[in-house]
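Take a walk through this model, one region at a time.

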Amino acid sequence: MKRLIALFFILAGTATAQSPREAGLELVLLADASGSIDATELVFQRQGYANALTDPRVLSAIENSIYGNVAVTYVEWATNTAVVVDWMIIDSAETAEGFAEALVGPPRQAFGRNAIGGALLEGKRLIEANDIYAPRAVIDFSGDSIGNSSGPDISTARDTVLAAGITINALPILRPEEGRRAGANLEEAYATRIIGGPGAFMVTAESRETFAAAVRRKLVLEISGLIPDAYSVAAGNK
């Protein structure tokens, strides 16, 4: 509904100071900050996203997209969720660098155990409550488990997000050097229980060393609107 109202005012030529900002994509980066992620790993994840967003390949994808920009917010999830960087429109190396600088500095604000259902619903709320119009909206969910210790169940939350026309992509973090904390089927669980919506896919971070590269690849695909054959899972494309 928000998109229909925004589009009406844009087409009617009634732009005012309160008119929505336009972007090619609304992207919620929903990163794991639950108890399995210690302080060092939290910083590592933020730096990985900061590096990816300022990477020339991601900037090229933004520049060559239809709108030439993307609206991004970075949110960490645990028992509670916390917005680390509020919505910013990235349309240049300078704005990407500004987002990256804002991302690496703030202290940890999300604590506790896994609450995936609540995190997905918060991603939906952030998309619907902002002042941005975009033809696509994506929640980019990352984590190293499939646990849901509190809050809404995953299935109900996922269905609610998909019903709103929002796609959920995922980045399962396997970390084999420490053992797969959710067992060997984390990828299957994310494919069947997390991702969904038009063009949904996941890209796996096989290890700490490949995390930044996985994030970069995922961002390029999301911004470009492409689906990687190797990671497109029919069970998740509900």
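Gln109 is partly exposed, at 38% relative accessible area. Here buried means under 20% relative accessible area, exposed means over 50%, and partly exposed lies in between (1.4 Å probe, protein chains only). The model is predicted, so local features need pLDDT of at least 70 and side-chain atom pairs count only at pLDDT 80 or more, while totals for chains, interfaces and linings use all residues. Residues are numbered from 1 along each chain as its sequence is written, and side-chain values use heavy atoms, with hydrogens and water left out.

Gln109 sits in the loop between α4 (93-104) and α5. Helices (H or I, at least four residues) and strands (E, at least two) are DSSP runs, numbered from the N terminus. Thr81 is 28 residues away from Gln109 in sequence, yet their C-alpha atoms are 7.9 Å apart in space.

Strand β4 covers residues 81-90, and it pairs with strand β3 (residues 70-77) in the antiparallel sense over seven bridges. Pairing requires that DSSP finds at least two bridges between two strands. Val72 has Met88 of β4 as its bridge partner.

Several α5 residues are buried, including Ile116, Ala119, Leu120, Leu126 and Ile127.

Which residue meets Arg125 in a salt bridge? The partner is Glu122, at 2.8 Å from N to O. A salt bridge is a side-chain nitrogen of Lys or Arg within 4 Å of a carboxyl oxygen of Asp or Glu. Arg125 and Glu122 lie three residues apart in α5 (residues 116-129), so about one helical turn separates them. Their surroundings can be read from accessibility. Arg125 is partly exposed, with a relative accessible area of 42%. Glu122 counts as buried, at 17%.

By this rule the count comes to eight salt bridges. Another of them joins Lys218 and Asp140, with the closest N and O atoms 2.3 Å apart.

Glu222 and Lys218 are four residues apart in α8, about one turn of the helix. Glu222 is buried as well, like Lys218. Through shared partners, salt bridges join Asp140, Lys218 and Glu222 into one network.

Helix α8 and strand β6 return at the largest pocket. A pocket is found on a 1 Å grid over the protein atoms alone, as an open set of points with protein on both sides within 12 Å along at least five of seven lines; lining residues have an atom within 4 Å of a point. The largest pocket is lined by 14 residues, and Arg136, Val138, Thr167, Pro198 and Gly199 lie nearest its centre. The elements β6, β7 (167-172) and α8 each give two or more residues to that lining.

Methods: 1 Å grid on protein atoms, 1.4 Å probe; cavity = no way out; pocket = protein on both sides within 12 Å on 5 of 7 lines; lining within 4 Å.
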